[in-house]
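This report describes charged side chains and their contacts. The sequence and structure come first.

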Amino acid sequence: MAFTPSKDHKRREREQKKMDKRIARDEAKAEKLEADRAAEDAAAEEAVKQAEVDAQAKIEADFEAELEAEAADELKSKAAC
């Protein structure tokens, strides 16, 4: 006589397959969220670095403008003498 699985056994197998699929979906969601957080963190770090670079460039530009203004004042004062 051939062995045939009982209905209860088949039901448990179906439920196990469903549970395995659900677990796989949940793991995929968790991995996606983690990847998204990592991307957001990297973007935030890049924005901070860019802000620092921009601030330094502004300071340098202001300094250069101040030097040019002082040089122009010196030329005017020498020309007035």
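D26, E27, E31 and E34 form a negative surface patch. Patches are built from residues with over 30% relative accessible area and no salt bridge, like charges being joined within 9 Å and nonpolar side chains (Val, Leu, Ile, Met, Phe, Trp, Tyr) within 5 Å. Asp and Glu count as negative and Lys and Arg as positive, while His and the chain ends are not counted. A charge is placed at NZ of Lys, CZ of Arg, CG of Asp or CD of Glu.

The model is predicted, and local features need pLDDT of at least 70, side-chain atom pairs count only at pLDDT 80 or more, and totals for chains, interfaces and linings use all residues. Residues are numbered from 1 along each chain as its sequence is written, and side-chain values use heavy atoms, with hydrogens and water left out.

Helices (H or I, at least four residues) and strands (E, at least two) are DSSP runs numbered from the N terminus. E34 has 57% relative accessibility and therefore counts as exposed. Buried means under 20% relative accessible area, exposed over 50%, and partly exposed in between (1.4 Å probe, protein chains only). The areas come from the Shrake-Rupley method with that 1.4 Å probe, and for residues only the protein chains shown count as cover.

The whole structure contains five salt bridges, a salt bridge being a side-chain nitrogen of Lys or Arg within 4 Å of a carboxyl oxygen of Asp or Glu. Among them are the following.

| Pair | N to O distance |
|---|---|
| D8 and R11 | 2.3 Å |
| D8 and R12 | 3.0 Å |
| R11 and E15 | 3.2 Å |

Salt bridges with shared partners join D8, R11, R12 and E15 into one network.

How are these pairs spaced along helix α1? D8 and R11 are three residues apart in helix α1, so about one helical turn separates them. D8 and R12 are four residues apart in that helix, again about one helical turn. R11 and E15 are likewise four residues apart in helix α1, with about one helical turn between them.

D8 is partly exposed, at 31% relative accessible area, and R11 is partly exposed at 34%. R12, at 45% relative accessibility, counts as partly exposed, as does E15 at 42%.
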